[in-house]
Amino acid sequence: MTTIVLLTLLYLQISPPKDVRVFDTPNDAGGSITITWESSPDAEGYRILRMALPDSVYTPVDWVDAATKRYVDKVEDGVKYRYIIRTERGSAYADSEPTDEVWSHGNVFHRGRTNVLIGVAVYTTLLLSFIYFAKRGKKLFVRKIAGLDAVDEAIGRATEMGKPVLYIPGLSTISDVATLASLNILGRIARKAAVHGTRVIVPNRNPIVMPVCQEIVREACLDVGRPDVYREDDIFYITFSQFGYTAAVDGIMLREKPAANFFLGMFWAESLILAETGASTGAIQIAGTDAIHQLPFFITACDYTLIGEELYAASAYLSREPLSLGSLKGQDWTKLIIGGLIVAGVILVSFGSDWFLGLFSS
Amino acid sequence: MRRQLPLAICFVMGVSMVVQFFIPHRVSQEFYRTILDWYRIVFAFSLVLGTGTLIKVHWAKISKKSKGWQYSIITIGGLVFMLAVGFITGIQEGTLFMKIFEYVEVPLEATMFSLLAFYIASAAYRAFRARTVEATLLLIAAVVLMLGRIPFGYYLWHKIPGIAEWILTNPNMAAKRGIVIGVGLGMISTALKIILGIERSYIGGGK
Amino acid sequence: MNLEKLMRIDRRLIFLLIALAVIFPLLFPIGLPTHLSKPVQDTFNAVDSIPPDGPPLMLSIDYDPAAMPELYPMTLAILRHCFSRNIRVLVLSLHRAGPGIGEMATTRIAKEYGKKEGEDYVYLGFKPGFGAVILRMGEDIHGAFLTDYYNRPIGEIPMMREIHNYDDIPLVICLSAAAIPELWMMYAGSRYHQTIAAGVTAVSAADYYPFLQTDQLVGLIGGLKGASEYEKLVNELEERLGVDKKRKESLSKEEYEKLQVSHSKASAGMDSQSIAHLVIIAFIVIGNVAYFAQRRRKR
């Protein structure tokens with residue numbers, strides 16, 4: 001009897017969670033409902049109770065600790081539900097009011113990504129506009145990139161010496177944009193080399209990149225009317241092992257002594273090992289990567305280094321095609337806009353205004 | 001047609017993936033999951049393709065008795081041997097496969113990586129000369145960082161690790177962010193050019 | 001002439017001195033003490049906050065044997081931390097050469113702490129596809145890995161019954177020598193709001209500091225120095241929890257000392273790294289002294 005009285009007293013002392021809200025989880029594929037509440041000071045934890053209509057019984061779904069104020073429940077789309085959040089402390093408990101009816105459905109637009117959509121739209125519009133102007137014959141100025149001006153010199157040197165050119169398209173996969181940029185440059189370099197009848201050796205670490213490289217070089221040779229220059233065996237797969245690959249390429253550099261080494265694409269810790277070995281053979285070396293922490297190594301050991309975005313600009317720079325050059329201009333203008341936004345953000349946040357930051361969060 | 005078809009596939013898939021990013025609906029997620037599964041399957045097949053070319057290139061070297069053909073025998077022999085051992089003994093701890101991994105591959109790869117220490121030393125010696133004000137700043141930053149990353153730096157002056165941390169989190173980060181913004185835009189621009197077919201030298205096209 | 005020589009020291013001499021600087025401290029340890037840095041302490045705290053016998057820590061072994069000298073001591077220290085606090089661990093690898101390392105590390109440390117495979121830890125093994133696998137696990141880990149490393153169907157593993165996606169994983173630690181932590185941040189972090197920490201090689205550590213500031217990483221263990229700091233924290237924790245005392249009582253003196261050595265591998269390596277750094281600094285100084293002396297002479 002005493003226990004019952006004590007329990008009743010305890011029950012009376014416990015307060016239920018307040019301000020319980022339920023809503024269909026926003027920006028999701030459906031199948032979930034979010035419940036939020038203001039915590040109760042008495043809670044040791046909360047039990048989530050759910051009733052699927054037209055049932056009339058609440059069944060426990062889960063238990064969460066006292067610090068939790070938000071719960072995402074996995075449910076069936078289209079079915080209506082009601083919830084109760086129960087404060088629990090030992091064997092005592094207190095229930096919240098049942099929530100309104102709620103049901104879940106999949107969303108067709110992710111509202112949290114509206115800012116990304118606007119950014120993509122602005123950037124794409126700028127790029128396409130500049131491409132359009134370039135197509136109509138507008139002259140576009142592009143600053144000098146020493147590393148790319150040296151490409152002709154490097155290939156010429158290889159031709160004079162009767163030595164091959166070594167091209168490393170990075171160590172990453174085909175889905176890495178740096179690899180794609182590198183493959184674009186390979187097309188230009190293979191074309192120039194084919195004109196002079198110079199061999200291009202392309203050892204690969206990635207088995208998907210390899211056949212793409214073969215196709216690029218083969219097409220380049222065909223395009224300039226020198227199919228005889230193409231040697232399929234010069235473009236081969238070595239191994240997926242990072243340092244196994246590095247050892248093999250070092251071996252090629254020491255045995256074949258290429259007159260020019262190109263390291264363009266994504267590189268990791270092997271960058272300096274490759275570049276230093278190349279430097280020791282006396283080859284002219286041109287590197288380019290967007291892997292920032294490898295840039296110091298390339299700058300130290302190579303003759304020319306394309307820094308970050310210069311790698312992406314290289315194909316346009318080498319081809320001088322107006323369409324590609326137009327996209328470079330678009331990039332520059334977008335950078336200017338981003339610079340402006342950063343300055344505006346710094347000023348606004350410094351003066352205590354946070355709404356500007358909110359524009360960029362998801 | 002040989003070029004138009006890949007370009008069309010690239011355009012359709014590129015646009016679909018961009019649109020998919022903004023649609024959280026189940027259909028869109030299913031589509032995305034299917035693409036991810038396809039990618040994994042294609043990747044697995046590409047390993048077969050890669051191994052095939054590896055064997056082809058080395059087999060040609062052996063049959064033509066090209067320079068260094070003996071090494072090609074080791075390459076193909078090693079490949080077949082590891083494959084056989086893996087199938088026969090399994091790949092758990094304590095098996096022959098794991099022993100070869102631990103006592104052959106691990107030391108070989110670690111040796112290659114360790115070359116970095118030697119090359120960093122020789123490159124640092126060559127590159128870090130106080131020729132200009134900028135080069136001097138770079139040199140000082142490098143020395144402070146090197147000291148800050150070892151216990152000795154703390155003994156020399158207890159504030160050195162803090163200064164090293166400051167260099168990493170302030171000037172280093174500022175420069176890096178500048179490059180990263182450019183890289184990010186370059187990536188989108190390259191991707192867009194590929195999707196729209198403006199850049200097509202990756203399939204052997206372009207002038 | 002001498003200055004000319006100092007300006008162009010044969011690189012083989014540099015290589016030799018670096019080799020000596022690395023080998024000698026390994027043979028004759030100096031025992032330089034370790035000082036803690038915030039990113040490592042934060043990683044330790046993030047792991048420590050996982051409740052015992054609850055949802056597991058996901059440990060992704062995304063490196064190859066080449067990076068083992070720096071990253072393997074980290075792997076062992078993290079596993080020791082988890083097992084000494086009874087935190088469950090879900091180990092996997094996205095790197096082709098990672099599964100062997102994962103198997104080696106988990107089996108050894110689990111045996112040392114008497115942990116059961118399938119209940120206290122699960123080893124999923126390797127799955128190719130990097131970002132694709134990370135994304136797939138966000139939807140369904142059982143869909144990404146149909147079996148574990150030992151070919152046991154995931155559904156039959158007791159520990160995996162409660163684990164379906166990142167909602168059931170309080171923390172992911174990615175150990176990598178490449179850019180795989182960025183994939184974890186990009187896909188698991190941005191898309192699924194997964195908490196992530198990383199352990200990387202010293203050469204790429206500088207690359208990850210921006211992500212600490214933006215909270216995309218809750219902690220960072222950088223290179224051998226970071227590993228030695230984590231090791232120190234775990235050793236101190238084991239002393240506090242009495243794990244070390246129990247070990248001392250149950251093992252023979254030789255066995256105990258052997259374990260002590262393996263539990264301080266990173267700290268021992270720091271001696272070599274310290275001396276190597278000093279040698280490099282000495283070469284930079286020599287090069288500059290010769291450069292300035294030569295310039296003065298030319299004037």
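Helix α9 of chain A (residues 309–319) is mostly covered, with eleven of its eleven residues buried. This is a predicted model, so local features need pLDDT of at least 70 and side-chain atom pairs count only at pLDDT 80 or more, while totals for chains, interfaces and linings use all residues. Residues are numbered from 1 along each chain as its sequence is written, and chains are lettered from A and ligands numbered from 1 in the order in which they are written.

Q: Is strand β4 of chain C enclosed or open?
A: β4(C) covers residues 171–176, and six of the six are buried. C:L171, C:I173 and C:L175 point one way while C:V172, C:C174 and C:S176 point the other, and all are buried. In a regular strand the side chains alternate between the two faces of the sheet. Because six of six residues are buried, β4(C) is largely enclosed.

Q: Which residue of β4(C) is the bridge partner of C:I61?
A: Strands count as paired if DSSP finds at least two bridges between them. β1(C), residues 57–62, pairs with β4(C) in the parallel sense over six bridges. The bridge partner of C:I61 in β4(C) is C:L175.

Q: Which residue of β5(C) stands opposite C:C174?
A: β5(C) spans residues 196–200, and five bridges join this strand to β4(C), running parallel. Opposite C:C174 stands C:A198.

Q: Why is one side of β1(A) and of β5(A) left without a neighbour in the sheet?
A: The open sheet of three strands in chain A has antiparallel pairing and the order β1-β2-β5. β1 (18–24) and β5 (70–74) each have a single partner strand, so one side of each lacks a neighbour because they stand at the edges.

Q: Which residue of β5(A) is the bridge partner of A:T36?
A: β2(A), residues 32–38, runs antiparallel to β5(A), and five bridges join the two. In β5(A), the partner of A:T36 is A:R70.

Q: What radius of gyration does chain A have?
A: The C-alpha atoms of chain A fill a box of roughly 105 × 50 × 40 Å along the principal axes. A compact globule of 362 residues would come out near 21 Å, by a rule of 2.2 Å times the number of residues to the power 0.38, with the radius taken over C-alpha atoms. Chain A has 32 Å.

Q: How many residues of chain B are in contact with chain A?
A: Contact means C-beta atoms, placed from the backbone, within 7 Å. On the chain A side, 64 residues take part, and they divide into 32 nonpolar, 20 polar and twelve charged. Nonpolar covers Ala, Val, Leu, Ile, Met, Phe, Trp, Tyr, Cys and Pro, charged covers Asp, Glu, Lys and Arg, and the others, Gly among them, are polar. For chain B, the number is 46.

Q: What ipTM does the predictor give the complex?
A: Chain C has a mean pLDDT of 90, with 100% of its residues at 70 or more; pLDDT is the predictor's confidence in each residue, from 0 to 100. For the complex, the pTM is 0.80 and the ipTM is 0.81.

Methods. Helix = DSSP H or I, 4+ residues; strand = E, 2+ residues; numbered from the N terminus. Buried ≥ 20, exposed ≤ 12 C-beta atoms within 10 Å, placed from the backbone. Contact = placed C-beta atoms within 7 Å.
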